[in-house]
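Have a look at it first, then read on.

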Amino acid sequence: MENRTEISSLGEFGLIEHLTKNFEIYNASTIETVGDDAAVIDHFGKQTVVTTDLLIEGVHFDLMYTPLKHLGYKSVVVNLSDVYAMFAQPTQITVSIGVSNRFSVEALTEFYEGVYAACEKYQVDLIGGDTSASQKGFVISVTALGEVAPNKYVKRNTAQKGDLICVSGEVGGAFLGLTLLEREKKIYLENPKVQPDLEGEDYIVGRILKPEARKDIIDFFEKNEIVPTSMMDVSDGVSSEVLHICKQSNVGCKIYEDKLPINEAARQAAFKFGLDPTVCALNGGEDYELIFTLKQEDYDKITLNEEIAVIGYVTDVEEGCKFLTKGGNTFDITAQGWKAF
């Protein structure tokens with residue numbers, strides 16, 4: 001049995017100090033960080049974007065198949081994704097956790113290793129947070145701050161008729177990874193002697209357990225002087241996000257089934273589970289890709305980037321939000337994405 005250190009042996013301040021002692025500073029805007037009453041940041045004439053996510057054990061994650069390090073990493077990444085979706089660069093985060101006494105100091109250290117790995121990869125600074133006891137389970141709240149040149153942020157409600165609708169990367173994989181892990185969990189609960197079979201499914205499992213935020217896409221836009229007309233991240237599924245953009249921008253859209261970027265491994269997994277890959281791509285959440293609209297004249301600039309797929313275009317609001325299948329049928333797009341309530 002590995003050594004187990006009870007949280008109570010360190011006390012709250014000792015715990016925070018223990019969990020945050022090795023964090024480095026990556027941004028000039030971070031002036032004072034962990035260790036005082038509050039952090040101090042100065043974005044030097046930039047505007048600040050702020051976003052917060054709350055993750056609750058049993059609702060947003062299942063520790064039966066989620067390694068704590070992955071959970072720490074993902075908790076940060078999903079917030080950074082929202083900052084990138086505003087066309088901003090993330091610079092600082094705060095992390096607050098509520099933990100029950102079933103967690104040891106070692107377990108929390110593992111969680112913070114994941115937080116640290118994400119901070120290093122995306123060059124953001126952990127500048128504070130809070131730790132608290134919780135009655136049961138694990139509660140995580142992460143706030144991310146980012147900076148953007150004055151009024152250069154990109155909103156959801158500014159798509160224009162005629163714009164191209166684009167998505168980064170591939171969609172549907174995370175939902176399939178979740179489906180696989182839930183299936184294996186069910187088998188394990190019924191027969192604990194059966195080892196989980198994740199053979200050959202690295203892609204979909206990686207999509208759910210270790211997502212990445214699309215910093216590369218934002219960097220590509222900046223380098224090529226592309227400014228999307230609207231943008232958001234794909235956390236609840238493509239159909240749901242497209243409807244958000246269309247509703248808030250008061251426009252319609254046409255999305256084409258044969259244009260959806262679906263990874264081959266995800267497609268095969270869908271068939272294996274008896275699911276339609278297209279439905280997974282439209283309604284599966286947690287891909288953390290970027291969905292955005294562009295003026296048609298920017299089309300030539302994005303053809304260079306294999307990570308960007310044009311999946312449709314923006315129409316008049318009267319035309320509604322339509323999905324065109326490979327077989328030539330047209331359906332209304334409905335949001336069947338992940339709903340917490």
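## Ground rules

Helices (H or I, at least four residues) and strands (E, at least two) are DSSP runs, numbered from the N terminus. The model is predicted: local features need pLDDT of at least 70, side-chain atom pairs count only at pLDDT 80 or more, and totals for chains, interfaces and linings use all residues. Residue numbers start from 1 along each chain as its sequence is written, and side-chain values use heavy atoms, with hydrogens and water left out.

## Helix 6

Helix 6 itself covers residues 215–223, and its buried residues (under 20% relative accessible area, where exposed is over 50% and partly exposed is in between, with a 1.4 Å probe and protein chains only) are Ile217, Ile218, Phe220 and Phe221. Looking down the helix 6 axis, these buried residues fall within an arc of 155 degrees (taken from the directions from the helix axis to the C-beta atoms), so they line one face of the helix.

Seven of them make an open, mixed sheet in the order 9-11-8-12-10-13-14; two strands pair if DSSP finds at least two bridges between them. Strand 9 (230–233) and strand 14 (330–332) are at the edges with a single partner strand each, so one side of each has no neighbour in the sheet.

Strand 10 (residues 252–256) and strand 13 (residues 321–324) run parallel, joined by four bridges. Lysine 254 has lysine 322 of strand 13 as its bridge partner.
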